[in-house]
Amino acid sequence: MTSSIGADADPPRHDVSFLADLGLDGEVSLGESDRDEHATDYTTDEADAVRPDAVVYPASTADVSAVVAAADERGIPVTAYAAGTGLEDGAVPAHAGISLDMTRMDAIREIRPDDLQVDVGPGAIGADVDEAVAKHGLFFPPLPSSGDISTIGGMIATDASGMGTVKYGEVADWVLELEVVLADGSVTTVGSKAAKSSSGYNLKELIVGSEGTLGIVTRATLELAGRPEQIRGGRAVFPTLDDATAAISDAVTAGVDVAKIELFDAETAMLANDYSDADLPERPMVFVEFHANHGIDEEIDFCRAVFEAHDVAQFEIASGDRMDDLWRARKDITYAAEAYDPQREMGQPGDVTVPIGSYPEMIRAVKEVADEYDLFVPCFGHAGDGNLHYFVLQNPDDPEEVARAEAVYGELVERALELSGTATGEHGIGAGKRTYLEREHGETAVGAMRAIKEALDPNGTLNPGTVVPEE
């Protein structure tokens, strides 16, 4: 929820007049509207907004290099900005300075069908990349649910993933090579266009998921795959939430070759009905999609058999437009939650992930904690890889209710960690989840992260105030 910052808020903290002398091909803006727009990420509270001193829209790697080098020399922070769709305040310029908006570096540079590869700029929208390679019968398999509004650079920064992770893996699994500007402005290439390499430290994996704190990606080479010839999907309805989660866990562990498997609890179904008159049964549901080049009916029958062992009440599979109709409620759920009650906000969105065998227990924990604090907490998620999302709907004008909502959020993260899970499956750490980093990884591991950050960015130029907690 992008806030509107008053004209007297966040006065300039740094002298950025040097930007005018860099001879950039891109644009430099000191305008209040641009600075306001870059003061927040998608869910940033107005109280946490920080207006940068300048917004730079680079047009090339040379622009990025020049800005970062000059800022590093002067001790001025630089925060990379993608599409502003982040959910953990990762693009908020915590110490002001320069917001480096990468969206104009959006070229789809070269598609190499014979290599199953594409070279793109970091500002390219994921869905645009997928559409461009579709002309060659290819697709980008790990495209997240937000792929139509988020950029490739942002996906790489958070190591994003989505509905297809259960079959295709995370964005990191499809990144081959990156061009990166480091904190001193130097430019390097990490990774390789080869399918595999054992050469040296895996710096590519270090950059992926580092949220702009170790380097800024200016070009990405992505691996592609052939589009499956058969695509079918639909949804199943279960009598209880325990039945639904047990069916999901058994389907994954039994080896059902499912491309997507998503959970809705009854409360989420209610939200969907209220938003779009979906006429869904307000009972737990599992959405499934299958991709294959042959034998898809056998895989669907296998899934049906597993679900029937858990008393599935309805199992409907289709293709084409009918499949899209069956899935529409799942795709609209964020909008449905936002529109449900004008008096309430979603709060910080949950994004925990646990081992698949612990998924039913994690879902039960959501309901237990929601009952304990007497709050409405609908939950859903990319169930096939153990990822769970939840919203704690709260009245922002009721401090006591806000405090209860924050307690629910924290308790559920702790439950996930107790189940050997993670505080964030795909949204990233940003500024919002830094407090959980040591709890999840331990003091020694966080110390190693801090050492890496200090080695690559000794002046703390790149995206300070995010990911690694300060000592």
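**Close-up views of a predicted model**

View 1. Five strands make up an open sheet, ordered 5-6-10-8-9 with antiparallel pairing (strands are DSSP E runs of at least two residues, helices are H or I runs of at least four, both numbered from the N terminus; two strands pair if DSSP finds at least two bridges between them). At its edges sit strand 5 (108-112) and strand 9 (187-191), each pairing on one side only. From one strand to the next, the twist averages 15 degrees. This is a predicted model, where local features need pLDDT of at least 70, side-chain atom pairs count only at pLDDT 80 or more, and totals for chains, interfaces and linings use all residues. Residues are numbered from 1 along each chain as its sequence is written, and side-chain values use heavy atoms, leaving out hydrogens and water.

**View 2. Strand 5 beside strand 6.** Strand 5 pairs with strand 6 (residues 117-120) in the antiparallel sense over 4 bridges. Look here for Ile108, which stands opposite Val120 in strand 6.

**View 3. Helices on the strands.** Helix 2 (residues 61-74) packs on the sheet and touches strand 8 (175-181), strand 9 and strand 10 (216-223) (contact means heavy atoms within 4.5 Å). The direction of helix 2 makes about 50 degrees with that of strand 8; axes are lines fitted to C-alpha atoms, for helices over the stretch in contact, and angles run from 0 to 180 degrees between N-to-C directions. Helix 3 (residues 126-134) lies across strand 5 and strand 6, at about 40 degrees to strand 5.
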